Each structure stands twice: as structure tokens, then as C-alpha cells.
Amino acid sequence: MSGPDRQPTWRQALGAGGALLLWPWYAEAHLVTTGLGPVYDGIGHLLMTPEDLLPVLALALCAGLQGAGSGRRVLSVLPSAWFVGGCVGLLAHGLPEFPLSALSLCILGTLTAVELPLSLPVVTALALGLGLGHGVLNGVAMQQAGTGVRGLLGSLAALVVLVALVAAGVVSLHEQWTRIAVRVAGSWMAAIGLLMLGWALRGGN
Amino acid sequence: MRPRRDDTRLLTWLGAVTLVLVWASLTHAHVERGQAAGFVTGFGHPWSGFDHVLAMIAVGIWGAQLGAPELWLLQVIFPMVMAQGAFLGLIGLPLPGVEVGIALSALLLGAMVGGEVRPKLGVAVLLVGVFAVFHGHAHGTELPAGQSGLLYSMGFVIATGCLHGLGIALGLLHRWPAGKLALRGAGALIAVMGVLFLWRALI
């Protein structure tokens, strides 16, 4: 399915997907206040913001299905890109409106559902795009909530733990039906993303 | 193929963690105002129409009758195609004969279950996929404006999955001869209801 003749198509799709993921979106600063300081606020923010949480879970599931190598690659690239994007977001002053979460979910959910074999560069690009795009949103949210870099580091810590646990968990699944259950979860995420996109185009959200 | 115990445990654990994470976001309740805003409203929507409920349960039962790989493939395809239909509805693209399509879905899917029909994989996928567009479109046009499209969508998609799960759970009866008969009876009943829905849609 991923023969050499298919590669140029994938590169084009990857380029378009990466450009979409990198497109900045407006940030809603609904940061969680735990009362335990900015680091914990950052941790809580990622875990309680489905706009960020679901795409991260989708990427972890997708990478896990691709195998241990992809899981490790995502674990190294995603947090780095997230941090860089977060730093950019901390310096940004407002962003244009764009349904980034919806597009991330559509792309990553579909890739998880179809379980298409992906090469490491493709997985790297996906992690890079997701990390930079959502990192910027996180950075803006942290800046508006006044938690700064420490909040960003908190969300980064939660991100690393979450991706490591979920991707490793999926990698260790052997039975066919368990892997298909992961693909069903991916199809749900793609469906959610598509519905969100419809809402955004209609102007409902 | 019997599930390995480790995999079952791990998947249960993963599911539980996901549920907790998703649940936390619900209780945090971002800017929830209006009926369409929340997870609960989205979760309740697919249960509100009897025709939808019957058709989706029929998909689950039929999948269970067909066994792997159709059982799983239908569950992967239905939400994605349904969301495409909902997308068309959301952006205001009209689809003619939606109510007729939904009624036909109950009729034909019920007939498939009742007759325990085993078509080729492509035919089963096509049948379910086409009807998913009608169901999705109806849901898409009915979605009221709200504050959180994400939470609503999550509830909506998870509820649809639950309905399929319910159908699959009922489909477990297929292991026993009496259960097979009961499922075929249920399919026939769904088909009869489909005729009633069709009658109502055409009048």
C-alpha cells in the first residue's frame, strides 16, 4: 500500500497537511486553575482541554499502531516541537481564527482508522506539525493566563507522560481485535473532527 | 480467535484512562451556555429518534452475525461516513429524501438481520455507508447552534458508538440456536418498523 510509486502523493498530502496544522488558530484562555501553582495549572490545562488532548491521543494511537520506532519518534519530536511552538505562542499577540483541532483530528483520526503504513519521516512531520500548531495555542493560553514558561513546562510534562503511556500501550497490543478497537477509536476521532469542522464552517463554534 | 488476557486488560485500562480524561473536561465545563453546548446534549441526540436507534442497533447486530472482519469494519466506517453526512448537513448542503433514506435503512438493515444475509464485504460496507450518509445528514441539520461544538460532537459520536455496541452485545446471542432465532425475529421487527417509517415519510 505504501510502494515507491505512492510516495510523491504522500509527500504532497504531507505538505498540505503540515501547512494546515501549522496554521495558527485563535486561543481560548480557559486555563485550569488548580491552586497548586503554574506548573500544575499547565498539567491540568492539557488534560482538561479536549481541543489539545484529543489530537495528542490520536497521534499517540496512530504512532502506536505503526510500531515502537514510530512511538519513540513521536515521543522525541512532539514535546520538542510543542515547546518551540509554546515559546512562540508566549510571544504572540492574538491569533487569527482557524479550526486547527478539527483538522488535526480529521487527519490523525483518519490515519489511525485506516492504519495505513507510514514511514518515519511522515510520522516525524505529523508530530512536528501537531506540536508546533498546538504548542502555539498553548503558549498563547499560558501567556493570557499569566503562567508563562512554567505553565508551558507543566503541559509539556503531561504531554510526555500521556504520549509515552498511550503509544507504548498500543504498541504492546497483539490481538487483532484490540488493534481494531484502536482503529475504531481513530474513526470516532475523525468523525468528531469532521463535525467540528462543519460547526466551524457554519459559524456555530 | 480468543483475546489474550494481557491485551484485554491493557485495552480496558486505556479505555478507562481515556474516559477519565474526557470526563474531566466535561466537569470542567468550559463556556457552556445553551442546550447544544455540552457533551450530555450531544450524547442524548442520537437516542432521540426511534428510527435512528433501530437502524444503528441493526448495524451492530448485523455485524455480529457476519463476524470478523465485517463486524469491526462496519464500526470503523459508519462513524466516519455518518460524520461526512453530518458535515454536509452542517454546511447547509441539501440531500433529497433524507427521511425516506433513514426509513429504508431500518427496512433493509432489519431485513439483512432477519434473513441473516451474508453479502460480499464490499456490498455490506456500501449498504451501511450509504445509509450512514442519510443518518448523518439528518443529525447535521438538526444540530442547534451552541458554544462547544467539540463537546457536543464527542457526545454525539460516542453515543452512536454505544448504539452499535448495544447491537453487537445483542448479537452475542448468535452463539446459541435460540439466540439466532431471536435475532432474526428482532431483525424482522426492525424491518416492519422500517415499513412504518417509510409509510410516514412518504405520506
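Q: Which residues of α3(A) meet α5(A)?

A: Two residues are in contact if their C-beta atoms, placed from the backbone, lie within 7 Å. Helices are DSSP runs of H or I, at least four residues, numbered from the N terminus. In this predicted model, local features need pLDDT of at least 70, side-chain atom pairs count only at pLDDT 80 or more, and totals for chains, interfaces and linings use all residues. Residues are numbered from 1 along each chain as its sequence is written, with chains lettered from A and ligands numbered from 1 in the order in which they are written. Among the residues of α3(A) in this contact are Leu54(A), Ala58(A), Leu59(A) and Cys62(A), and the α5(A) side includes Ser104(A), Leu105(A) and Leu108(A).

Q: At what angle do the axes of α3 and α5 of chain A cross?

A: Axes are lines fitted to C-alpha atoms, for helices over the stretch in contact, and angles run from 0 to 180 degrees between N-to-C directions. The axes of α3 (residues 50-66) and α5 (residues 100-114) of chain A come within 9 Å and cross at roughly 20°. Angles under 35 degrees count as roughly parallel, so α3(A) is roughly parallel to α5(A).

Q: Which other contacts does Leu59(A) make, leaving aside neighbours within four places in sequence?

A: Leu59(A) is in contact with Val74(A), Leu78(A), Leu108(A), Leu126(A), Ala127(A) and Leu130(A).

Q: How do α8(A) and α4(B) cross?

A: The axes of α8 (residues 176-202) of chain A and α4 (residues 70-90) of chain B come within 8 Å and cross at roughly 0°. That makes α8(A) roughly parallel to α4(B).

Key: Helix = DSSP H or I, 4+ residues; strand = E, 2+ residues; numbered from the N terminus. Parallel < 35°, antiparallel > 145°, perpendicular 65-115°, else oblique.
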